[in-house]
2 protein chains.
Amino acid sequence: MLDDIALFVHIAQHRGLSATAEMLKVPAATVTRRLQKLETTLGCRLIHRSARKFELTAEGDAYYQAYAGLVKQFEETARDLSSDVHQLHGKLKVMAPTNISIGLLQPMWSAFIGAYPDIQLELMLNNQVEDLLSSQVDIALRIGPQIDSQLYQKRLGSVATILLAAPDYLEQQGRPEVLEDLNHHRLITVSNLPVWKLQKIKTKASATVNPIAATSVNDIRLASQLARDGLGISLLPVSEVKEELQQGRLEQVLAPWCGPERDILAVWPSGRLLSAKARCLRDFMQQHIQKESILQGRMMVI
Amino acid sequence: MLDDIALFVHIAQHRGLSATAEMLKVPAATVTRRLQKLETTLGCRLIHRSARKFELTAEGDAYYQAYAGLVKQFEETARDLSSDVHQLHGKLKVMAPTNISIGLLQPMWSAFIGAYPDIQLELMLNNQVEDLLSSQVDIALRIGPQIDSQLYQKRLGSVATILLAAPDYLEQQGRPEVLEDLNHHRLITVSNLPVWKLQKIKTKASATVNPIAATSVNDIRLASQLARDGLGISLLPVSEVKEELQQGRLEQVLAPWCGPERDILAVWPSGRLLSAKARCLRDFMQQHIQKESILQGRMMVI
DNA sequence: ACTACATATTCCAATTATGAAATCATGTTA
DNA sequence: TAACATGATTTCATAATTGGAATATGTAGT
């Protein structure tokens, strides 16, 4: 019915059935029959037509005037939605956290750029959460819960946080055995984790540590460097300290405890259709992150 | 396609396929399949659905937001157009010329009111052409050419105009034999026929008379009364002078000549669908006028 | 874990729409 | 006036869609 109305509007615009048939790539027979069907359902003739004449009836004109604008809007909407949806080339604006992007995930970005040379990636790295909507970003990678209800999100993985310190530091200050021992240590906090909600992996026992007199910085990388320099114990995502752990510059403390798992999310503005490029990147990221055991929420096993 | 989109919008609104099926009176199987087809054509899933869960996907939400308003508008338009189109009761506002309506066509109005008692006729008689659009009139009866391009019209009949005078007057002033004789007579003109374009019925010969020093009035009825009172010769529609001719109070002069035929038209605002009531009246008027020989353009034969 | 329930989906026969070619209708030109 | 050309319509075989019944699926309450 709606389709037939749309067809009629086109017929009225092209002033002819065969012209419309050609334009819309449907056989003329179909145009004739659908118009006839519409006329039957509406119970009136819409077009006075013959081989050489074409004229809307009064009713046809009324229907045309009523529907033409709507049909046009419909088609514009369809065009807006589907443009871009199949194109795997052109610009793609992406936001991501700096630290993980120049660290653990740097190979992912290289791989993506290599795999899709036609996609012109514009990667905006930043540690603070910038507004996705006003920045006209297609899709963003985010870590930790996202509060913006204007965003859609898809979980790609998660990263555990653990307590760490430099071996030197631990030699000098002693290794904490129980949670309460933390009170006697220098602590380094990162601003987005001001309170340490810890949990024992097996027993699910949980506890909260409020690092009061701690050093506080707003960058994970800096925090890990401070810890590495023997300035205290910090709660950091394993993704950021992989190298340091492997090379023994940092070591885990209070091993049965670990901090909150932080989700890794692809987020994008809601109410807008994800472009093919953005979907492509999202799926690519998901595949990559799935292979990275550190990003599966498991405690790192070296 | 458009129909499927509309269906999807309803599904999203009713939050369920079967609810939608019931609401729209289509089998649930159809709803399922049309949704599946739409998902296939769009190339993405629109709804995460199971027996107990129902949730739009990100894409589904994007499509919903894009189309919901349009679908609603479409349906409102359809409702506006079809309301009234099948209802043969309620108010019907009609305009018509005063003279013919209280004269020759008066029986027609009575007959219509009698035939359709459920139609609440509001008949606005006037001799001047009032604006149909601003008066919210459904349909109007008009005589003579209508210039307003915002109107649709349908010809219902036509009425001839002839030259007439009172027998008394002709006795005193003499009966004109040729056109030029009119120059020596008193003439009465009606404002909507300031120039007399005359024609011989058989020979098609035509002539124009410019009644200069004539009495001029703006109402046909008054003109016929003036002529009846022996004040001169006038060019009048036969429909207005039927009685006077039959009773010998007026007689035709220069019989082979007659004035322009004036069309009787049903007119209504363009771009709006004629309601069933208005169509009903239009067709009723056409039938009635067809039976009235005076209104078939023929010279009156008593 | 099992059952009951509500909902979505699949199956099959009947209907309906489609596409390509032939036919028809009607203004225009020779 | 007849032939022509253009565009609408019909024809017929094929493909797609529909409606009703049966089936599958997932959730909530014993």
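Predicted model: local features only at pLDDT ≥ 70, side-chain atom pairs only at ≥ 80, totals over all residues.
Author: A polar contact is a pair of N or O atoms within 3.5 Å.

Reader: Which base atom of DNA strand D does the side chain of B:R33 approach?

Author: A polar atom in the side chain of B:R33 lies 2.8 Å from a base nitrogen of DNA strand D.

Reader: And what lies 3.0 Å from the side chain of A:R49?

Author: That is a phosphate oxygen of DNA strand D, with the distance taken to an N or O atom in the side chain of A:R49.

Reader: How many residues are around DNA strand D, and which come nearest?

Author: There are 21 residues around DNA strand D, and those that come nearest are A:L17, A:S18, A:R52, B:R33 and B:R52. By class, this surface has seven nonpolar, seven polar and seven charged residues. At least two residues each are supplied by α2 (17-24) and α3 of chain A and by α3 of chain B.

Reader: What share of the atoms of DNA strand D within 4 Å of the protein belongs to sugar or phosphate?

Author: The share is 63%, and the rest of those atoms belong to bases.

Reader: Now the other strand, please. Which residues come nearest to DNA strand C?

Author: They are A:R33, B:L17, B:S18, B:A51 and B:R52, out of 20 residues around DNA strand C. Sugar or phosphate accounts for 59% of the atoms of DNA strand C within 4 Å of the protein, and bases for the rest.

Reader: Which elements give two or more residues to the surface near DNA strand C?

Author: They are α3 (28-42) of chain A, together with α2 (17-24) and α3 (28-42) of chain B. The largest share, five residues, comes from α3(A). By class, the surface near DNA strand C has seven nonpolar, seven polar and six charged residues.

Reader: How are the two protein chains related?

Author: Chain B can be laid on chain A with an RMSD of 0.4 Å by a turn of 179 degrees and a shift of 0.1 Å along the axis. That is the relation of a two-fold axis. The same surface serves both copies, as 100% of the contact residues of chain B recur in chain A.

Reader: Changing topic, what domains does chain A have?

Author: The domain assignment gives domain 1 (2-82), domain 2 (90-159 + 262-295) and domain 3 (161-258). In chain A, the C-alpha centres of domain 1 and domain 2 lie 44 Å apart.

Reader: Lastly, in what order do the three strands of the open sheet in chain A come?

Author: The order is β10-β9-β14, with antiparallel pairing. The edge strands of chain A, β10 (206-209) and β14 (257-258), each pair on one side only.

Reader: Over how many bridges do β9 and β14 of chain A pair?

Author: Strand β9 (residues 196-200) of chain A pairs with β14(A) over two bridges. The bridge partner of A:K200 in β14(A) is A:W257.

Methods: Residues numbered from 1 in each chain as written. Chains lettered and ligands numbered in written order. Heavy atoms only, no water. Least-squares fit on C-alpha atoms with pLDDT ≥ 70 in both. Contact = heavy atoms within 4.5 Å. Pairing = 2+ DSSP bridges. Helix = DSSP H or I, 4+ residues; strand = E, 2+ residues; numbered from the N terminus. Near = heavy atom within 4 Å. Nonpolar A, V, L, I, M, F, W, Y, C, P; charged D, E, K, R; others polar. Domains from an automatic or database assignment. Polar contact = N/O pair within 3.5 Å; in protein donor to acceptor, adjacent residues only side chain to side chain.
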